[in-house]
Amino acid sequence: MLNEDFDFKLIFMTAQRSFFWIFLFILLGTTASFIKLRYTAPIYESASIIKVGIEDNANKVLNFNSGMNISNNSNSLIAGEMELMRSEVFLEKIFNSRPLNISYYAKGTVLINELYRQSPFSVVIESIDSSQLDIPYSILFNGNNEYTLTWEDGTTKKLPNCKIGQIVNLPSGNIRVFITDINSIEGQQKLIKKNAYYFVINSPSSVIKSISSQISIQLINPDAQTLQIKFKDKNPLKAADIVNAIVNEFIKFDYNKNAQGADNVLDFIDKQLAIEDLNLKNSEDVLEDFKKTNKIINPELMANNTLTRINELENQKIILDLDMSVLDKLEENIKSNKDISSLIPILAGQYSEGIVSNLIHNIEALENDKNQMLQQATEKSKAVISVNERIEKEKKILLESIVIVRENTQNKQAAISDKIKEYGDIFDSIPSKEAQYARLLRLFSINEKFYSLLLEKKAEYQISKAGIVTNNIILEKAVIPNVPISPNRVLVVSAFLFTSLFLSFALIIVRYLFHNEINALDEVGQYTDAPLLGIVPKYKKEIPVSQLLVDKNPKSVISESFRSIRTNLSFIDNEPGAKVLAVTSTISGEGKTFVAINLAGVIAFSGKRVVLIDLDMRKPKIHVGFNVENLRGISTILIEKDTPEECIYKSSLEHLDFITAGPIPPNPSELIISPKMIAFLEYLKIRYDVIIIDTPPVGIVTDGLSMIQLADFPIYILRANFSKRIFIQNINKLIEDNNIKRLSVILNGVESTRSRYGYGGYGYRYGYGYGGYGYGYGNYGYGYGYGYGYGYGYYEEDKETKTLMGDIKNLFKFNKKDKSASKD
């Protein structure tokens with residue numbers, strides 16, 4: 001049965017009654033957050049920001065525009081640089097540049113800390129096999145410069161009494177251990193009784209894989225070409241060091257990559273210089289020997305004009321020879337898929353800006369397009385395959401062009417050679433010694449000019465290489481982080497507290513929606529028109545066996561509540577004559593007998609003669625309350641075994657008598673509805689002013705229904721935080737179907753510490769409660785069959801439903817018994 005109406009007071013009451021659980025949830029959330037923060041290894045993150053780009057300042061100064069982009073980074077994609085820093089080739093450089101081949105660890109009471117650059121001992125690897133990599137080696141320093149190594153290799157292996165600084169032979173390697181801080185070692189080993197330290201000899205692949213998984217590279221500003229490099233690790237020093245290493249290695253790697261073109265050109269020039277240096281030296285030696293042998297002093301006497309023309313032709317031939325060398329190199333690089341762009345500047349003459357140079361630039365552009373596509377596609381994608389086909393086509397055309405250009409160059413060489421021969425024939429007419437001298441001098445000049453040209457080219461490219469300035473600028477250097485990014489203390493605490501509050505709120509809502517107990521008298525008034533006779537506060541102390549409380553402390557709140565009920569009864573019927581009060585309830589445990597006994601006592605205090613009858617013959621309790629035997633009573637009177645005078649007992653209170661139920665009969669319903677019961681009541685009306693009948697619960701059997709109909713004051717007992725709202729339907733059916741118009745309600749066991757309820761001129765404190773009780777109920781017309789013989793009946797033992805949550809809750813209760821009212 002769900003609550004359909006919004007009741008703020010009930011929600012507030014539910015929240016108050018759930019305070020224990022709310023406190024428990026918050027306590028558990030706080031404890032869980034503390035455990036999370038205490039036992040989770042912190043993760044630190046360090047970051048650096050760089051601006052990427054390459055600029056060749058030397059080419060600007062020299063105005064050296066050869067059609068080649070030596071720096072080659074102006075057209076590079078930012079994505080390519082990012083992938084470069086993530087690549088295994090690049091991360092291997094980080095592994096080699098930092099002390100990552102060996103990791104040192106210290107065991108704490110809870111967590112394990114990596115001692116990056118802070119280890120109190122160091123391990124030097126003499127030789128190691130790959131089978132010994134990535135294995136933790138526990139090390140225990142024994143004193144006297146000795147230590148013990150322990151590791152797992154299928155089985156536990158141990159090397160005791162190893163000497164500090166001496167070579168230790170492992171199964172597949174040799175190492176040496178040195179101590180750098182003995183005080184730290186002694187302190188740590190006192191804290192951790194067993195192996196306080198261990199180290200791992202890392203394989204490059206494991207370290208690279210670890211770095212790759214923890215590195216983050218993001219493009220911050222595409223226009224400014226700024227990148228942010230982040231790295232996460234449990235050691236803050238290591239996180240900052242790795243980031244700075246990545247940045248520095250990237251700058252170095254990028255510089256070397258962009259200077260590689262110039263290095264290739266310089267290497268080619270150096271090889272040519274070595275050859276020409278030998279040729280120049282030989283020609284010089286031959287010329288000097290000829291001069292000494294033939295005593296030629298004035299070579300100026302030779303035919304200067306002819307020689308000058310020949311020299312001009314020789315210069316042209318030198319340029320053609322250089323072009324031929326470059327064309328050969330180009331053809332070789334194309335066929336071996338090597339870089340070809342770096343040889344363009346050496347192409348002298350018309351081919352540097354002609355078809356060969358254009359084809360090379362086309363291939364270079366296609367390669368750049370291919371690299372850009374590979375950032376988003378694979379080698380097998382159609383776009384990349386198409387570009388590869390175009391590149392191969394351009395290379396094929398370039399090879400064909402080289403063949404054509406080579407043929408043209410050879411033709412020009414042949415034409416120049418013919419010219420030289422022609423002028424040589426003319427020159428032969430000059431006297432033989434001078435002519436021979438001139439030939440030697442011409443050969444020397446050719447070698448000298450070629451050598452000088454190579455030196456000039458080398459100087460230009462050395463200047464160009466020196467002018468390559470990386471435009472990768474470190475805008476923000478990585479620093480050692482002081483605060484971990486995980487676990488986030490504020491986030492963790494907030495998350496657990498939010499979860500605790502959410503669970504608390506959910507508990508309140510669920511308990512509110514499924515709240516089905518009656519808590520206050522005004523709730524009864526919402527569902528029935530029966531008069532609300534009053535309330536009985538919850539008794540905070542242990543109720544005595546007699547259940548009679550009004551005589552113990554007449555000025556107590558509970559005594560005052562029964563006096564208020566006594567006063568309210570006069571408003572229902574104030575006519576003279578003996579009155580019959582019938583007290584009933586829906587099920588056992590609602591305080592029917594407790595109310596009957598104390599109401600009888602408080603009426604007796606007013607001077608009226610009162611007799612209390614235990615008509616609940618299936619489960620009698622009045623004799624227990626007054627500490628008498630139940631050998632005779634109503635059952636024996638109605639079967640005429642005993643007389644009424646023999647069964648009437650005097651109580652300790654003046655004017656209060658009582659009659660027990662007597663032995664349990666097999667047919668209590670027949671006895672109650674018999675004419676003898678009516679006659680017995682008429683007899684009692686002569687002797688007493690008030691007759692109070694404790695009837696069976698009408699929600700289970702109908703034994704007492706006839707007495708309720710005959711009563712002047714039929715009273716229905718409900719118990720706060722125990723009776724269900726559906727019980728009120730029994731009240732309405734008694735009024736409507738059985739025409740019991742005078743039926744009134746008393747709410748028993750109301751909390752007196754939460755709120756106040758005024759009734760009949762008196763103020764009583766009552767509150768809301770929540771309890772889960774096992775109960776059975778039914779309409780007054782639906783009862784269970786009675787049993788035969790003593791001990792049989794419709795009642796079960798009054799037990800609360802036990803649950804795990806209830807058991808936990810009871811651990812925190814000081815009073816485990818419900819003292820609000822006696823169970824029937």
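What follows is my request and one connected reply.
Which residues make the nonpolar surface patch, and which helix gives the largest share of that patch? Please start there and then move on to the links between other parts of the chain.

Reply: Happy to! First, two notes on how to read everything below. This is a predicted model, so local features need pLDDT of at least 70 and side-chain atom pairs count only at pLDDT 80 or more, while totals for chains, interfaces and linings use all residues. Residues are numbered from 1 along each chain as its sequence is written, and side-chain values use heavy atoms, with hydrogens and water left out.

Now to your patch. I26, V493, L497 and L501 together make a nonpolar surface patch of about 280 Å². To join such a patch, a residue needs over 30% relative accessible area and no salt bridge, and nonpolar side chains (Val, Leu, Ile, Met, Phe, Trp, Tyr) are joined within 5 Å, whereas like charges are joined within 9 Å. The areas themselves come from the Shrake-Rupley method with a 1.4 Å probe, and for residues only the protein chains shown count as cover.

Helix α13, residues 489-513, supplies the largest share of the patch, with three residues. Helices here are DSSP runs of H or I with at least four residues, strands are runs of E with at least two, and both are numbered from the N terminus. L497 has its place in α13. With a relative accessible area of 32%, L497 is partly exposed, because that class lies between buried (under 20%) and exposed (over 50%), judged with a 1.4 Å probe and protein chains only.

S486 and P487 are joined by a cis peptide bond, with omega about -5°. P487 sits in the loop between β15 (473-476) and α13.

Helix α13 also has a packing partner. Two packed helices are described by the angle between their axes and the distance between the axes. For α13 and helix α1 (residues 8-17), the angle is about 125° and the axes are 9 Å apart. Axes are lines fitted to C-alpha atoms, for helices over the stretch in contact, and angles run from 0 to 180 degrees between N-to-C directions. The two helices are therefore oblique to each other: under 35 degrees counts as roughly parallel, over 145 as roughly antiparallel, 65 to 115 as roughly perpendicular, and the rest as oblique.

Let's move on to the links between charged side chains. Side chains of opposite charge can pair when their charged atoms come close. A salt bridge is counted when a side-chain nitrogen of Lys or Arg is within 4 Å of a carboxyl oxygen of Asp or Glu. There are 20 salt bridges in the structure.

One of them pairs D241 with R117, whose closest N and O atoms are 3.0 Å apart. This pair links distant parts of the chain, 124 residues apart: D241 is in helix α8 (residues 236-294), and R117 is in the loop between β4 (112-114) and β5 (121-128).

Another salt bridge joins K163 and E146, with 2.5 Å between the closest N and O atoms. K163 lies in strand β8 (residues 155-163) and E146 in strand β7 (residues 146-153), so the pair ties together parts 17 residues apart in sequence. K163 is partly exposed, at 34%.

Next, look at R406 and D328, whose side chains meet in a salt bridge of 3.2 Å, N to O. Because R406 lies in helix α11 (residues 382-428) and D328 in helix α9 (residues 304-335), the pair ties together parts 78 residues apart in sequence. R406 is buried, with 14% relative accessible area, while D328 is partly exposed at 39%. Salt bridges can also share partners, and R98, R117 and D241 are joined in this way into one network.

Finally, stay with helix α11 for a moment, where K412 also has its place. K412 is partly exposed at 34%. K412 and K317 are 95 residues apart along the chain, yet their C-alpha atoms are separated by 8.2 Å.
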